[in-house]
Amino acid sequence: MKNIPLITQAISLLCAAVAVGAVLLWAPVCAGSLELANGNMVPMRCAYTAKVAVLLALILAAVAVAGMVTKHPATLALVLLSAAIVLLTFDTPLSIGVCKSADMACRATALWLRVAGGVSLVAAVAGALASPDRKRVRE
């Protein structure tokens, strides 16, 4: 039971590595551009999603490593960063999202990010609930 926080942080670290690997190596976003009305070309929004996802995954990895080194897990930070990685891929007013076309390469990237963020989120919550250091109310 004492190793549960360490295990959950290791899972979050692994999920951060998977998210970075997916964006940069095995499921990169498309390199397409959009032409604006004035003739300028801009990257598609999935390119911005990929950059933010890498940044969030690196911060998630740093928080997980810091928690493992100090033996004081930052569970709330792990939960929020994991949720942000998942929510980043959806088209909401608070996130960037991916391209709307179903046959774009960014759909695979979004799936990898959702799975990695979701596993990290579940691990962080489970670690918080199963932690032996958690304060419990007795009746």
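W26 counts as partly exposed because its relative accessibility is 43%, where partly exposed lies between buried (under 20% relative accessible area) and exposed (over 50%), using a 1.4 Å probe and protein chains only. This is a predicted model, in which local features need pLDDT of at least 70 and side-chain atom pairs count only at pLDDT 80 or more, while totals for chains, interfaces and linings use all residues. Residues are numbered from 1 along each chain as its sequence is written, and side-chain values use heavy atoms, leaving out hydrogens and water.

**Rings and charge**

- W112 is also partly exposed, because its relative accessibility is 38%.
- The count of aromatic pairs is one, where rings of Phe, Tyr and Trp (its six-membered ring) pair if their centres lie within 6.5 Å, and planes under 30 degrees apart are stacked, over 60 edge-to-face and the rest tilted.
- W26 and W112 form that edge-to-face pair, at 5.4 Å centre to centre with 70 degrees between the planes.
- The pair links distant parts of the chain, with W26 in helix 1 and W112 in helix 4, 86 residues apart; helices here are DSSP runs (H or I, at least four residues), numbered from the N terminus.
- The charged end of R114 sits over the ring of F90, 4.0 Å from its centre; the rule asks for NZ of Lys or CZ of Arg within 6 Å of the ring centre and within 35 degrees of the ring normal.

**Nonpolar cores**

- The largest nonpolar core has 22 residues, and V23, A57, L60, L78, I85 and L113 touch the most other members; such a core is a set of buried Ala, Val, Leu, Ile, Met, Phe, Trp, Tyr and Cys residues joined through side-chain atoms within 4.5 Å.
- Helix 1 (4-26), helix 2 (45-70), helix 3 (75-88) and helix 4 (106-130) each give two or more residues to this core.
- Helix 2 supplies the largest share, nine residues.
- Another core of seven residues lies apart from it, including C30, M44, V98 and A110.
- Beyond its neighbours within four places in sequence, L78 is in contact (heavy atoms within 4.5 Å) with Q9, S12, L60, V63, A64 and A124.

**Helix 1**

- Its buried residues include I4, P5, T8, Q9 and S12, and the buried residues of helix 1 pack against helix 2, helix 3 and helix 4.

**Cysteines**

- C15 counts as buried because its relative accessibility is 9%, and C46 is buried because its value is 0%.
- The disulfide count is zero, with a disulfide taken as a pair of cysteine sulfur atoms within 2.5 Å.
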